[in-house]
Every structure is written in structure tokens, then in C-alpha cells.
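Please read the following points with the sequence and the structure at hand.

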Amino acid sequence: MAVPTEPLYLKDAYLRECVALVVEAKDQRLRLDKTIFAPRSMEYGHPQAEDMGFFYTNHEQKGLAGGRIGDDGILHSVDGDLPDLWEIAQTTLYWERRHRLMRVHTAAHLLIQVLAGDRGIPVQFHKARSPSVRVDGGQLYVARDRFPRRDWPSVEAAVAARVEEDLPVRAFTLPRADATELVDPRFGDVGRVDPRHEDIRLIKIRGGPAIPCDGTLVRRTGEVGPFRLRGARRLEAARVLDFTLD
Ligand SMILES: [Zn+2]
């Protein structure tokens, strides 16, 4: 059994540097004993784009990407030669990229609150293989055949109001049965979380619902900044909403 990686990015999304131990290195991928690099994860149904950055081993700098989380845990991809097993790696995130992903991810949760909570519009993260939270913006799936442009300004204003309030954002975990009971199905579905997770991580923005999530979010909504809708593309009988941050 491989040594599991401690996902430091889930405990503190603001950690930008960390010294870690290489516990596996093969096929251009490496496993660390702990990591600040969030991989692209499908486990909660709304993948966030993977982190990027670099690491030093033996005074040599190499590129490191979040990679994937799969059946065998978190495997990061390395640009260049792999380090040796049990080497110490000084890892550093590209913070601007990560912080942008944190802002976009938090905006997605606010948009769910506005659409599903205030407007009663069924909404989900778009369950695509490509990330629904990216550096250039995010995507949500709305079970509606129309999302007319005249409705956009009021939705944008409702998200902006929550950003303006600078609400605290909190993460916590609950056993799956308790999380299933707590999560209002309008806002999320614990059933979509990979069944191997016995404990479910939840994100709650003050005044809003708990949403199952394994992403990295900002501490307070004020960090999100200006929010803008930029598209409502038809997909079968529904719409894929596109948003971005200015
Ligand atoms: Zn999330």
C-alpha cells in the first residue's frame, strides 16, 4: 500500500510553501508525504483546475503540477527528471494562479446560493471532465431551457452583494450519513461524492447552505472581487452558465 498524501491544501488553502518528502517517483509522476498542490479531482463532481508551481531538490528547480487524484491517491506530474525516493522537496505554489482559482471557486458557490436559494432555479456543477473551476472563469449547469440576458444584471447584483458583505467561508467535515441529512438537495448532492469517502467535506458561507466540496476557497467573500456572467449556452434541455471575475 502506497504512503497516503496528507492534503494540506484542504486544511489551509493559504499555504504557499511546504517541505515534503518524496515517497514515490515513477513515470514522470511523484507522490509526496504531504502537499499544498491541489490535483484535479473528480471526487466531489466539480473539478477545480490543478495547481502549478515548482520544487527544489538538491538545489535543482523543477516544475510541478497538481496532477490527478485517482484510485492510488494524489500523483503530481513533474517537468524534468524525477527526484530520488526519500528526497526532500521544497515545494512552492504559483500563488497568483491558485488565488484566482480560489476566487472563482468561491464565486461558483455564491452563484449557487443566488440561483438555487433566492430564485429557486435548480442548479448543479457541470459534471464534465474538464474543470468547472478554471483560471479564466467557471461553469454551472442550470436545468432550464432559458436564461434570458435581461435576468443577468439582477443575478450579478445579488452575487456582488454577498461579495460586498465580506462573509466568512468555513470548511468542515461530517460523517456521510450526517452530511446527507444536512445538505439541502437544492444546493448539492452527497450521493455524487465518491463512495470511498466516509467523511464528507462541506463548505459553508455565512448565511448560506452547506455544499459538499473538495476545492480551495477564499477565507472571506470580499476576496472574490467583481463577478460577471458571460454566457448561457444551450446543452440539450438545459443551460451551461459561464461566469468570470474581472
Ligand atoms: Zn466547491
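1. Leaving aside residues up to four places away in sequence, Val 159 touches Ala 107, Leu 110, Leu 111, Val 114 and Phe 227; contact requires C-beta atoms, placed from the backbone, within 7 Å. The model is predicted: local features need pLDDT of at least 70, side-chain atom pairs count only at pLDDT 80 or more, and totals for chains, interfaces and linings use all residues. Residues are numbered from 1 along each chain as its sequence is written.

2. Val 159 is among the residues with the most contacts inside the largest nonpolar core, which has 56 residues. Such a core is a set of buried Ala, Val, Leu, Ile, Met, Phe, Trp, Tyr and Cys residues joined through C-beta atoms within 7 Å; buried means that 20 or more other C-beta atoms lie within 10 Å of the residue's own. Helix α2 (residues 95-118) gives the most to this core, eleven residues. Helices are DSSP runs of H or I with at least four residues, and strands are runs of E with at least two, numbered from the N terminus.

3. An open sheet is formed by three strands in the order β12-β13-β14, with antiparallel pairing; strands pair if DSSP finds at least two bridges between them. The edge strands, β12 (169-175) and β14 (210-212), each pair on one side only.

4. Strand β13 (residues 199-205) and β14 are joined over three bridges, and Leu 202 stands opposite Pro 212 in β14. Helix α2 packs on the sheet and touches β12, β13 and β14. The direction of α2 makes about 75° with that of β13, where axes are lines fitted to C-alpha atoms, for helices over the stretch in contact, and angles run from 0 to 180 degrees between N-to-C directions.

Key
Buried ≥ 20, exposed ≤ 12 C-beta atoms within 10 Å, placed from the backbone. Contact = placed C-beta atoms within 7 Å.
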